[in-house]
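Here is a short report on one protein model. Keep the sequence and the 3D view open as you read.

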Amino acid sequence: MEHALGPGAEFDAVRAFVDRWGALAEGIGDDAAVLDVPRGERLVVSTDVSVENVHFRRGWLTAREIGARATTGALSDLAAMGAAPLGIVVALVVPHAWRAELEALAEGIGDAVRLAGTRIVGGDLSGGDTLSITVTVLGAAPQPVARSGARAGDELFVTGLLGGPLRALRALERGETPDALDRTRFARPVARLREGRWLAGRGVTAMIDVSDGLAADLRHVAAASGVRLRVDARRVPRVAGVSVRDALASGEEYELACCAPPGAVDAAAFERELGTPLTRVGTVEAAGASSGDVVLDDDASEGVRVDLPQGHDHFSI
Ligand SMILES: Nc1ncnc2c1ncn2[C@@H]1O[C@H](COP(=O)(O)OP(=O)(O)O)[C@@H](O)[C@H]1O
Ligand SMILES: Cc1ncc(C[n+]2csc(CCOP(=O)(O)OP(=O)(O)O)c2C)c(N)n1
Ligand SMILES: [Mg+2]
């Protein structure tokens, strides 16, 4: 149920959001939202911020795409936990120059929420110098999947085909028009929520979404689990024309990487049921000298160390 909001331009904007979202908005207008967690499940919470000139540029994407993409990136963390979304909370910092785009941003947020089958239960609005969208996602899972459960002998998988977002980003940075499919992967990513729950239901031991780049995100899994991950370069699933290195470096993919005991996950059944490829890309091994290692086999010879790409690091720039 919505509550009546008081007068003022800020609340007019919230009213416009709620009108635009229709049934996607729920419980907005009180000091806080109240949600039920299904009995026997755990609450799963994550937040992500999307900032102009860091996560997008104004000329590259429409306001609607910016809203959808920020929301999808946040929902993707629920997918990676094997959680189903219960609702999201959206905080916007909106400079003057973006005021006319507010409703388009809201439309995009609504697109992602509709696609995920969830709702918007609250938020916040502020003026400020740089557009930023902070999306907090609330979800539930009977047994959330951490990054830390991978064990030696597990199989390593990744969903989808990698490389599109990096190629789109490079084209945009050069002022060129990206290939249409690459652009869609960058501008309109999809959170793999059904896929995450399917995998969680098969007993995956560790899972992560690919936001920083597969190589970097696998390092997080290896470190959290205290294992080494061996990746077969030839198996890394990529969009046609993308190099293995670029597929490993491409961030903001929002695909899922997971580890599973041998035989637990049937990749063909996954693809049949969900319409997205699931590729076995490697194996979990006992940690070597340093845990957190990812080793890439790039040819037939065993254990060849290849210079794996670093992931996106906000504070290294
Ligand atoms: N400002 C912060 N305060 C507390 N925890 C944080 C902060 N920033 C990041 N984290 C935590 O650090 C971990 C890694 O963050 P991040 O790389 O952003 O994860 P993800 O790729 O899943 O969004 C997460 O557990 C996140 O909650
Ligand atoms: C203008 C611009 N420059 C660079 C990028 C590429 N980029 C920005 S953030 C990022 C990594 C993912 O973002 P982050 O905030 O670390 O997401 P999280 O891991 O918290 O989900 C990448 C690849 C971009 N999308 N837009
Ligand atoms: Mg984050």
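## A charged pair across the domains

Start with one pair of side chains. Arginine 183 and glutamate 65 form a salt bridge, with N and O 2.8 Å apart. Side chains of opposite charge can pair when their charged atoms come close. Keep in mind that this is a predicted model.

How many salt bridges are counted between domain 1 and domain 2? The count there is 3. Polar contacts cross the interface too: the rule finds 6 residue pairs, both partners being at pLDDT 80 or more.

## The side of domain 1 that touches domain 2

Which elements supply this side of domain 1 with at least two residues each? They are α2 (63-81), β2 (84-94) and α3 (102-116). The most comes from α2, which gives 12 residues.

Now sort the residues on this side of domain 1 by type. There are 12 nonpolar, 6 polar and 5 charged residues.

Step back to the whole chain. Domain 1 covers residues 9-141, and domain 2 covers residues 154-306. Their centres, taken over C-alpha atoms, are 26 Å apart. Domain 1 puts 23 residues into the contact, and domain 2 puts in 21 residues.

How much area is buried between domain 1 and domain 2? The value is about 1,900 Å². Carbon and sulfur atoms give 61% of that area.

## Around ligand 1

Next, find ligand 1. Asp48, Asp77, Arg147 and Ser211 surround it.

Look at the polar side-chain atoms here. One from aspartate 77 lies 2.9 Å from an oxygen atom of ligand 1. Arginine 147 also has one at 2.9 Å from an oxygen atom of ligand 1. For aspartate 48, the distance from a polar side-chain atom to an oxygen atom of ligand 1 is 3.4 Å.

## Salt bridges in the model

The salt-bridge count comes to 25. One salt bridge joins arginine 167 and aspartate 182, whose closest N and O atoms are 2.7 Å apart.

Why does this pair tie together parts that are 15 residues apart in sequence? Arginine 167 sits in helix α4 (residues 164-173), while aspartate 182 sits in helix α5 (residues 180-187), so the pair links those two parts.

Terms used:
Residues are numbered from 1 along each chain as its sequence is written. Chains are lettered from A and ligands numbered from 1 in the order in which they are written. This is a predicted model: local features need pLDDT of at least 70, side-chain atom pairs count only at pLDDT 80 or more; totals for chains, interfaces and linings use all residues. Side-chain values use heavy atoms; hydrogens and water are left out. Domain bounds come from an automatic or database domain assignment. Contact means heavy atoms within 4.5 Å. Buried area is the accessible area (1.4 Å probe) that two parts lose on being put together, summed over both. A salt bridge is a side-chain nitrogen of Lys or Arg within 4 Å of a carboxyl oxygen of Asp or Glu. A polar contact is a pair of N or O atoms within 3.5 Å; within protein, one must be able to donate a hydrogen and the other to accept it, and residues adjacent in sequence count only if both atoms are side-chain atoms. Helices (H or I, at least four residues) and strands (E, at least two) are DSSP runs, numbered from the N terminus. Ala, Val, Leu, Ile, Met, Phe, Trp, Tyr, Cys and Pro count as nonpolar, Asp, Glu, Lys and Arg as charged, and the others, Gly among them, as polar. A residue is near a molecule or strand if one of its heavy atoms lies within 4 Å of it.
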